[in-house]
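Dear colleague,

A short account of the findings follows it.

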Amino acid sequence: MTYRFGFVQDEELASEILMSVLCVFPYRELHSSGAVLVALSLERPVLVPRTPSTIALQSEVGAEWVRIYDVLDANELNNASIWASERAQGARPNLAGRSWEIVRASHGSAYRHAMS
């Protein structure tokens with residue numbers, strides 16, 4: 001297990017994530033996190049706090065990739081570690097809605113709507 005407070009370079013972040021079985025995000029509130037999306041794009045399951053955003057992310061990506069906690073304690077960390085290690089090998093999170101084409105089209109639509 002490793003942890004670091006502060007900024008890390010992209011290569012080091014990816015290397016740490018790829019060595020992990022589970023990425024834990026011990027935030028009290030989480031609305032949007034690039035690090036969560038990086039972990040998922042590198043096919044690593046995540047443990048995140050229960051918020052409207054993380055519930056939506058779990059629904060979008062799949063419950064086998066996003067585990068939500070109410071209280072982050074030793075018991076939850078242990079259970080989440082077991083959960084992560086038992087996931088289906090070769091499976092991938094559903095990030096289809098995050099492709100550049102879809103994001104570009106969605107942003108364009110939002111800007112056109114805002115301008116009208």
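In which helix is the place of Leu-77? Leu-77 lies in helix 4 (residues 74-85); helices (H or I, at least four residues) and strands (E, at least two) are DSSP runs, numbered from the N terminus. The model is predicted, so local features need pLDDT of at least 70 and side-chain atom pairs count only at pLDDT 80 or more, while totals for chains, interfaces and linings use all residues. Residues are numbered from 1 along each chain as its sequence is written, and side-chain values use heavy atoms, with hydrogens and water left out.

Leu-77 is partly exposed, because its relative accessibility is 34%; buried means under 20% relative accessible area, exposed over 50%, and partly exposed in between (1.4 Å probe, protein chains only).

Helix 3 (residues 52-61) holds the buried residues Thr-54, Leu-57 and Val-61. Seen down the helix axis, the buried residues of helix 3 fall within an arc of 55°, so they line one face; the arc is that of the directions from the helix axis to the C-beta atoms. These buried residues pack against helix 2, strand 2 and strand 3 (66-69), where contact means heavy atoms within 4.5 Å. Pro-52 and Ser-59, on the other side of helix 3, are exposed. Just after helix 3, Gly-62 has a positive phi of about 125°.

A positive phi, near 60°, also occurs at Glu-43, a residue other than glycine. Glu-43 sits in the loop between helix 2 (34-41) and strand 2 (46-49), and is partly exposed at a relative accessible area of 26%.

With kind regards
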